[in-house]
Amino acid sequence: MRVDKWLWAARCYKTRSLASDAVDGGKVKLNGSSVKPAKEVKIGDCLRIRAGDEERELIVKGLNEQRRPAPEAQLLYAETAESLCRRTRAAELRKLAPTPTADQKGRPTKRDRRQLNRLHES
């Protein structure tokens, strides 16, 4: 089964084209190496998926040609304990110390830009 198709069926990405773009962009590694979207996935393979700041390491447990409901899709993979621990630790850090501009959307206003400049100058 193709990597992009498996990622879509396992509900790691919303569409198959998004999965394909992620594989092309080097955000998905199969057994430690970059691959193309048409690379075949087998049971037991290890996929490392990076989305934004988050990185997941999944072991392929099953193959499914069709996209099934989320509870069935979760049976297609198992996340490694190290990956799960790393993600929970990162979530706790984000919760305790959020980035200052996380709530800001779009370009900074004139006032925001002046505040940023004052911070950078001191």
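Buried means under 20% relative accessible area, exposed means over 50%, and partly exposed lies in between (1.4 Å probe, protein chains only). The model is predicted: local features need pLDDT of at least 70 and side-chain atom pairs count only at pLDDT 80 or more, while totals for chains, interfaces and linings use all residues. Residues are numbered from 1 along each chain as its sequence is written, and side-chain values use heavy atoms, with hydrogens and water left out.

**View 1. Arg 68 and Glu 72 meet in a salt bridge.** The N to O distance is 3.1 Å. A salt bridge is a side-chain nitrogen of Lys or Arg within 4 Å of a carboxyl oxygen of Asp or Glu. Arg 68 is partly exposed, at 33% relative accessible area. Glu 72 is partly exposed too, at 37%.

**View 2. Asp 4 forms a salt bridge with Arg 16.** The closest N and O atoms are 3.5 Å apart. Asp 4 lies in helix α1 (residues 3-9) and Arg 16 in helix α2 (residues 16-24), so the pair ties together parts that are 12 residues apart in sequence. Helices (H or I, at least four residues) and strands (E, at least two) are DSSP runs, numbered from the N terminus. Asp 4 is buried, with 3% relative accessibility. Arg 16 is partly exposed, at 33%. Arg 2 joins Asp 4 and Arg 16 in a network of salt bridges. A search of the whole structure finds nine salt bridges. Side chains of opposite charge can pair when their charged atoms come close.

**View 3. Five strands make an open sheet.** The order is β2-β1-β3-β4-β5, with antiparallel pairing. At the edges stand β2 (33-34) and β5 (77-79), each with a single partner strand, so one side of each is left without a neighbour in the sheet. Two strands pair if DSSP finds at least two bridges between them. Strand β4 (residues 54-60) pairs with β5 in the antiparallel sense over three bridges. Ile 59 stands opposite Ala 78 in β5.

**View 4. Helix α4 lies across β3, β4 and β5.** The helix spans residues 81-96 and runs at about 160 degrees to β4. Axes are lines fitted to C-alpha atoms, for helices over the stretch in contact (heavy atoms within 4.5 Å). Angles run from 0 to 180 degrees between N-to-C directions.

**View 5. Ile 49 sits in strand β3 (residues 46-51).** Ile 49 is buried, with a relative accessible area of 5%. Lys 29 is 20 residues from Ile 49 in sequence, and their C-alpha atoms are 6.7 Å apart.

**View 6. Arg 48 and Glu 55 meet in a salt bridge.** The N to O distance is 2.8 Å. Arg 48 is partly exposed, at 34% relative accessible area. Glu 55 is partly exposed, at 27%.

**View 7. Trp 6 and Tyr 77 form an aromatic pair.** The structure holds one such pair. The geometry is edge-to-face: 6.3 Å centre to centre, with 75 degrees between the planes. Rings of Phe, Tyr and Trp (its six-membered ring) pair if their centres lie within 6.5 Å; planes under 30 degrees apart count as stacked, over 60 as edge-to-face and the rest as tilted. Trp 6 lies in helix α1 and Tyr 77 in strand β5, so the pair ties together parts that are 71 residues apart in sequence. Trp 6 is buried, at 0% relative accessible area. Tyr 77 is buried, at 16%.
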